[in-house]
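User: Please take a close look at one strand and its pairing, then follow the links between side chains elsewhere in the chain. Give the cut-offs as you go.

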Amino acid sequence: MHIPSTGSRRHRRTRAGLRAAAATVGCSLLLTACGTATHHGPPAAKHRPVSTPGKAAARLPIPLGKGSRVADDFNGDGHRDLVLNDLVKGADDLHGDDPGIGIVYGGNAGSGQGRGQGQGLVPGARQLLSPAEYAAPTKGQLPAVFDAEASCDLDGDGFTDLVVSTDPPYDGQGQPPVPLQLLFGSPKGLTGKAVKLRIPARARFGNDWPDQPVCGDFDGDGAKDLVVHASGSRISYLRGPFSREGSPRAAGTPLAAPGNVPVGPSVGPSVDVDRDGYDDLLVRATAADASASSLVLGGPAGPTRTGAVFPAGSTVAFGRFGKGRGTDAAIGSGTGIALRYDVPGGTLRGNLSRPGASLASGDFDGDGLSELVVGDGDRLQIFKGRPKGLSAASAVTVTPRAQGSTQIVAVADFDGDKRDDLVVRTYRGETRDTVAVFPGRKSGLVVGEPEVTFSTAEFKGTA
């Protein structure tokens with residue numbers, strides 16, 4: 001998401017813009033916000049927050065795991081973990097380097113790690129991945145940027161791995177170095193120094209940064225692959241599994257595509273849109289919000305087939321919103337949300353007259369239909385999935401308790417009850433924030449009171 005200048009500042013700025021523009025491609029997404037709703041949700045009288053901003057949760061050991069197939073399970077204990085890219089800084093560190101990446105591990109009540117439904121995110125079991133401790137140096141220089149970009153089990157050992165973007169030294173001449181590094185999961189979580197992703201020379205094209213990583217099993221062989229940006233109308237396809245030295249099993253010449261900017265969630269997998277057993281990919285011709293996006297469908301040879309073309313929009317979210325029989329798409333822009341049902345071949349369309357600065361989708365009540373979460377500034381709206389499709393009449397407005405800007409952090413099942421939960425973040429400047437987890441239940445998303453709250457200041461002990 002960054003492109004180069006004489007160093008890597010331009011590279012970093014572009015990556016950040018694309019993350020904001022495209023962080024919601026997937027059936028369950030990730031980003032930030034915090035709030036109470038204007039409707040009457042399920043009662044929360046028994047709620048007892050695990051942690052509250054200003055009072056850090058007691059530090060707990062990271063649970064030991066044996067490996068699992070759960071997404072974003074870095075320690076392999078069967079509980080989903082949370083990745084946080086945006087961490088607050090101390091008042092005396094506002095102009096310092098990137099503080100790093102925060103990981104909150106999941107746990108269960110049986111091990112004294114959780115609460116609520118017996119398991120879920122445990123703010124005390126947290127880890128700060130700072131570039132000083134975890135990044136691989138380049139020419140003896142540690143990166144100042146350390147951003148989580150994608151997560152999947154790249155080496156197939158049952159522990160999720162993390163793909164991180166950095167800013168290696170670059171003089172602006174010729175092909176820039178590969179800015180991506182890999183942190184491998186283990187029974188103790190993400191441990192040890194990262195290794196640099198190795199992209200063979202034959203898999204590169206032009207002089208753009210090889211970034212924008214998207215995980216997925218694009219050839220259907222059961223191993224996770226990576227797709228990254230290449231110059232021109234090409235993408236680099238790296239076949240998994242990957243070695244612990246950062247090398248893919250195979251990589252050929254870059255593939256022709258209807259765009260060269262792979263689009264995926266900040267941290268998360270691609271989506272098998274047409275349900276044929278091969279993961280699919282979304283690409284843009286440019287990084288601009290005004291650029292249309294196109295599906296690239298996976299197959300035995302990888303992501304080689306062009307699918308549906310979507311109108312211009314800053315974000316895209318996939319789900320099963322109800323009107324079609326297959327996967328649907330919502331495309332958000334500053335003027336409204338365009339709906340496409342039964343992607344990739346369906347012709348059913350709709351729209352919502354609501355600006356869609358950021359989108360996410362998830363099934364909060366477990367009925368098999370997806371809800372659409374729309375974020376825009378200081379509030380969220382949730383549109384319920386219905387047999388007739390999404391409608392403004394089904395919208396619930398969620399406004400933050402605390403003053404500040406809101407972000408969607410994640411939509412995923414963190415407590416293991418087969419219903420998605422919503423993680424949001426409210427922040428004021430760079431020094432104050434609140435992360436809140438609202439659980440999904442049979443009656444819908446519990447928005448009256450978050451089940452878990454904490455501040456990212458806890459990662460550096462400044463809460």
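Analyst: Strand S7 pairs with strand S8 (residues 195-196) in the antiparallel sense, over two bridges. Strands here are DSSP runs of E with at least two residues, numbered from the N terminus, and two of them pair if DSSP finds at least two bridges between them. The model is a predicted one, in which local features need pLDDT of at least 70 and side-chain atom pairs count only at pLDDT 80 or more, while totals for chains, interfaces and linings use all residues. Residues are numbered from 1 along each chain as its sequence is written, and side-chain values use heavy atoms, with hydrogens and water left out.

Buried means under 20% relative accessible area, exposed means over 50%, and partly exposed is in between, with a 1.4 Å probe and protein chains only.

Strand S16 (residues 293-297) is joined to S17 by four bridges, and the two run antiparallel. Ser294 has Val309 as its bridge partner in S17.

The structure holds one disulfide, a disulfide being a pair of cysteine sulfur atoms within 2.5 Å. Cys152 and Cys215 form it, with their sulfur atoms 2.2 Å apart. This pair links distant parts of the chain, since Cys152 is in strand S5 (residues 147-152) and Cys215 in strand S9 (residues 214-216), 63 residues apart. The torsion about the S-S bond of Cys152 and Cys215 is about -65 degrees, so the disulfide is left-handed. Cys152 counts as buried because its relative accessibility is 6%; Cys215, at 0%, counts as buried too.

Side chains of opposite charge can pair when their charged atoms come close. A salt bridge is a side-chain nitrogen of Lys or Arg within 4 Å of a carboxyl oxygen of Asp or Glu, and by this rule there are 16 salt bridges. Among them is the one between Arg80 and Asp72, with the closest N and O atoms 3.5 Å apart; Arg80 and Asp72 are both buried.

Glu430 and Lys89 form another, their closest N and O atoms being 3.9 Å apart. It links distant parts of the chain: Glu430 is in the loop between strand S27 (421-428) and strand S28 (432-438), and Lys89 is in the loop between strand S2 (82-84) and strand S3 (101-108), 341 residues apart. Glu430 has 45% relative accessibility and so counts as partly exposed, whereas Lys89, at 12%, counts as buried.

Glu458 forms a salt bridge with Arg126, the closest N and O atoms being 3.6 Å apart. This pair also links distant parts of the chain, with Glu458 in the segment after strand S31 (452-454) and Arg126 in strand S4 (residues 119-129), 332 residues apart. Both Glu458 and Arg126 are buried.

Salt bridges that share partners join Asp415, Asp417, Arg419, Arg441 and Glu451 into one network. Of these, Asp417 is found in the loop between strand S26 (405-412) and S27, and it is buried because its relative accessible area is 16%. Its side chain makes a polar contact of 3.3 Å with the side chain of Arg441. A polar contact is a pair of N or O atoms within 3.5 Å; within protein, one must be able to donate a hydrogen and the other to accept it, and residues adjacent in sequence count only if both atoms are side-chain atoms. Leaving aside neighbours within four places in sequence, Asp417 is in contact with Gly440 and Arg441, where contact means heavy atoms within 4.5 Å.

Finally, Asp433 lies in strand S28 and counts as buried at 5% relative accessibility. The side chain of Asp433 has a polar contact of 2.7 Å with that of Arg425 and one of 2.8 Å with that of Ser455.
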